[in-house]
Amino acid sequence: MLLENEKANILVVDDNAGKRLALLSALEPLGQNCVTAESGRDALRCLLGQEFAVILLDVQMPGMDGFETARLIRSRQQSEATPIIFVTAYSRGETDMMEGYSLGAVDFIFTPIIPEILRAKISVFVELYQKIQAIRQHEERLENLVEQRTAALTAEIAERRQAEVAIRKLSGAIERVADSIFITDVNGVIEYVNSAFVLITGYEREEAIGQSPRLVKSGNHDEQFYRHIWEALLRGEVYRNVIVNRRKDGRLYHEAITITPLTDPEGRITHFISSGKDMSESIQAQERLHHLAHHDSLTGLPNRALFVERLKHVLQRAERRNRAVGVMFLDMDRFKMVNDTLGHEAGDRLLQAMAARLLSCVREGDTIARFGGDEFAGLLDDVASPEDVAPIVGKFLEALAPPFVIDGHELFVGGSIGVSLYPDDGTDPQTLMKNADTAMYSAKQQGGNTSAFYFAGMNEHAMARLNLETGLRRALDRQEFILHYQPQIDLKHGGVVGFESLIRWERGGSDVVSPLEFIPLLEETGLIVAVGEWMLRTACMQHHAWQAAGLPPFRMAVNISSRQFGGKELEQTLQRVMRAPPMPAEFLELEITESILMKNAEQDVVALRRLSAMGVRFAIDDFGTGYSSLAYLKRFPIDILKIDKAFVRDIANDGDDAAIVRAIITMAHSLGIQTLAEGVETREQAEFLRAQGCDYAQGYYFSPPLPGDRVVDFLRENDSFGLPSLTVATISQ
């Protein structure tokens, strides 16, 4: 819209630049804003962004002539009334005028143009446009004024009606709202309570009105707490907090309250309005989430995060009071065997029972936590001196001595405990926990079911173990593993019937690492799978080499770990290693432990029978040290039971061990299973075993494990061992 004193727009449309210039020159004295367009399309684009008082339109233009342009201009609502003056040659005047007027033209100007006449005609339309714009502006001002006055009157009426409705709504809303609301006078006397107040507190309106808010006081907050509330309210401040109140029946509840002072026009406080939301369920949910975030879900014990948090606080207090603190790490012994044998559900129940045992030993203020798996931790707070920790730790070990009864099974599961002390072994949680963990591993390496206190050299031992693991991961590629072979002797006839392959590690080509050190690491790291396949392949190749040297085909026994024993996987491995060089299956004997069979008995029966059908023999290693029963032996295709050396060691002078060995031999023979005694070191042991009908034996009494290239000489020198008189073969290691 044209503002006051604003220039009007005049659109000049002509494809001839000279004519456009002439028209602009003629219109310049009018002092208006002239816009030019060199075609009809150009003119239409100008109309999209501006409003024009009048349009001068050439009739003869290439592409889109003036008439077509005028038709399109008139088709737009915004320009349907804009005056159009056609500019045309006099010779075509009558023809052009008829068509132009039919399109809504207001006038025609013929060329050559007389500037005075052009300006006079244009001035009329410019003045008309300006007057129309002025009328529009006046009408708009009137309309705005009327609208303003009408809106003010309407608003006043609506405001009164809204106030009335709001009062009714507010009254109804306060009654229906779920939040507890009550209003008191300036002295705190209750004048009004809503329905939610009655529902939440249990007090009827008649019981509450006239009383003070102390009616729901819980006693959990002291007088200073309430005095602080009143001081804030009397300053005119809005008070917000979560407080504990008491219902009429005595039950406590958490309430998020907002108390607002109400003032009169002079600013004086006249009333207080309190609104409260019952937060009991929300608070309880938060407490449950907090408990879940800081406790083990299986045992309910604190987890690592809560343990560390408590340890930080305990250390701060111990520093102020100059007291000692003990950090204890406990790892369950033989838990994996229980888990693999009886299943994870039984393992979980054992963990819960272990947690209960440990909790029965703690003093007030101490903490027992579970970090995960079979790892527990203890925080021994407020210890007078480091010497006082040992009896406490001993109490834990004593508590673990009795068997755990899980699903009818008596399980002897001890624990390896490592202890670090503040301030001797560290002054921060991380150091103390790391050192307790190091001590725990030391206790485990001592055989378990014992405790170890941290000392400075332990970290060096831990680094040595890490170094051992690093070397172990490279040993297979560096060909540092070798196999030695221990003869297995027929006790009845005195001849060699087979060899057990035993792995050795010549680290760096010189240092020999004990199998007791690296085999557990192989199991722990999973390297046992690759190393186990190497053992099978190497043993088969050695067996082939002995036959090529003219020896008879002995049995070759190879130990199989639980990680290797996987049914089809083991079968595929055996097919690979026995293919080249060819190894007859009937001469391969796989030694497995009882725990492997108990892990998944049904599946293992199928796997063992399939492998047995190939001709492979099976021996149960370390029999009597696990959890199996005679019923299991009947189901599995077992060829040999290997009596553990722990029972053989004292059979000559220990009646219990002798009875156990007799029972194993008798039981095995009744099931059609042969027996082999391990760890035979004396003539007395060998004679006893032969007398009891034990089929085979191995041990240092006959020969230590030998390198493969020394077996031929050994056999030539010891063809019968002098049995049945059992003269020992003398051979150096």
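Student: Is Glu571 buried or exposed?

Tutor: Please keep in mind that this is a predicted model. The general idea is to judge a residue by its relative accessible area, and buried means under 20%. Glu571 has a relative accessible area of 14%, so this residue is buried.

Student: With which residue does Glu571 form a salt bridge?

Tutor: Side chains of opposite charge can pair when their charged atoms come close. Here Glu571 pairs with Arg610, and the closest N and O atoms are 2.5 Å apart. The two partners belong to distant parts of the chain: Glu571 is in helix α18 (residues 568-577) and Arg610 in helix α20 (residues 601-613), 39 residues apart. Arg610 is partly exposed, at 31% relative accessibility.

Student: How many salt bridges does the count come to?

Tutor: The count comes to 34 salt bridges. One of them is formed by Lys248 and Glu207, with 2.8 Å between the closest N and O atoms. Lys248 lies in the loop between β8 (239-246) and β9 (252-263), while Glu207 lies in helix α7 (residues 205-208), so this pair ties together parts that are 41 residues apart in sequence. Lys248 is partly exposed, with a relative accessible area of 44%, and Glu207 is partly exposed at 32%.

Student: Which residue meets Asp249 in a salt bridge?

Tutor: The side chain of Asp249 meets that of Arg251, at 2.8 Å from N to O. Exposed means over 50% relative accessible area. Asp249 has 52% relative accessibility, so this residue counts as exposed.

Student: Which residues form a negative surface patch?

Tutor: The patch is formed by Glu139, Glu140, Glu143 and Glu147. Let us take one member as an example. Glu140 is located in helix α5 (residues 115-176) and counts as partly exposed, at 35% relative accessibility.

Student: Which residue other than glycine has a positive phi near 55°?

Tutor: That residue is Gln479. Gln479 is found in the loop between α15 (457-475) and β18 (481-490), and counts as exposed at 70% relative accessibility. Arg334, which is not a glycine, also has a positive phi, of about 65°. Arg334 is in the loop between β11 (324-332) and α11 (335-342), and is partly exposed with a relative accessible area of 41%.

Student: Leaving aside neighbours within four places in sequence, with which residues is Thr538 in contact?

Tutor: Under that condition, Thr538 is in contact with Leu483 and Tyr485. Thr538 itself is in helix α17 (residues 528-548). Thr538 and Met328 are 210 residues apart along the chain, and their C-alpha atoms are separated by 44 Å.

Key:
Residues are numbered from 1 along each chain as its sequence is written. This is a predicted model: local features need pLDDT of at least 70, side-chain atom pairs count only at pLDDT 80 or more; totals for chains, interfaces and linings use all residues. Side-chain values use heavy atoms; hydrogens and water are left out. Patches are made of residues with over 30% relative accessible area and no salt bridge: like charges are joined within 9 Å, nonpolar side chains (Val, Leu, Ile, Met, Phe, Trp, Tyr) within 5 Å. Accessible areas come from the Shrake-Rupley method with a 1.4 Å probe; for residues, only the protein chains shown count as cover. A salt bridge is a side-chain nitrogen of Lys or Arg within 4 Å of a carboxyl oxygen of Asp or Glu. Lys and Arg count as positive and Asp and Glu as negative; His and the chain ends are not counted. The place of a charge is taken as NZ of Lys, CZ of Arg, CG of Asp or CD of Glu. Helices (H or I, at least four residues) and strands (E, at least two) are DSSP runs, numbered from the N terminus. Buried means under 20% relative accessible area, exposed over 50%, partly exposed in between (1.4 Å probe, protein chains only). Contact means heavy atoms within 4.5 Å.
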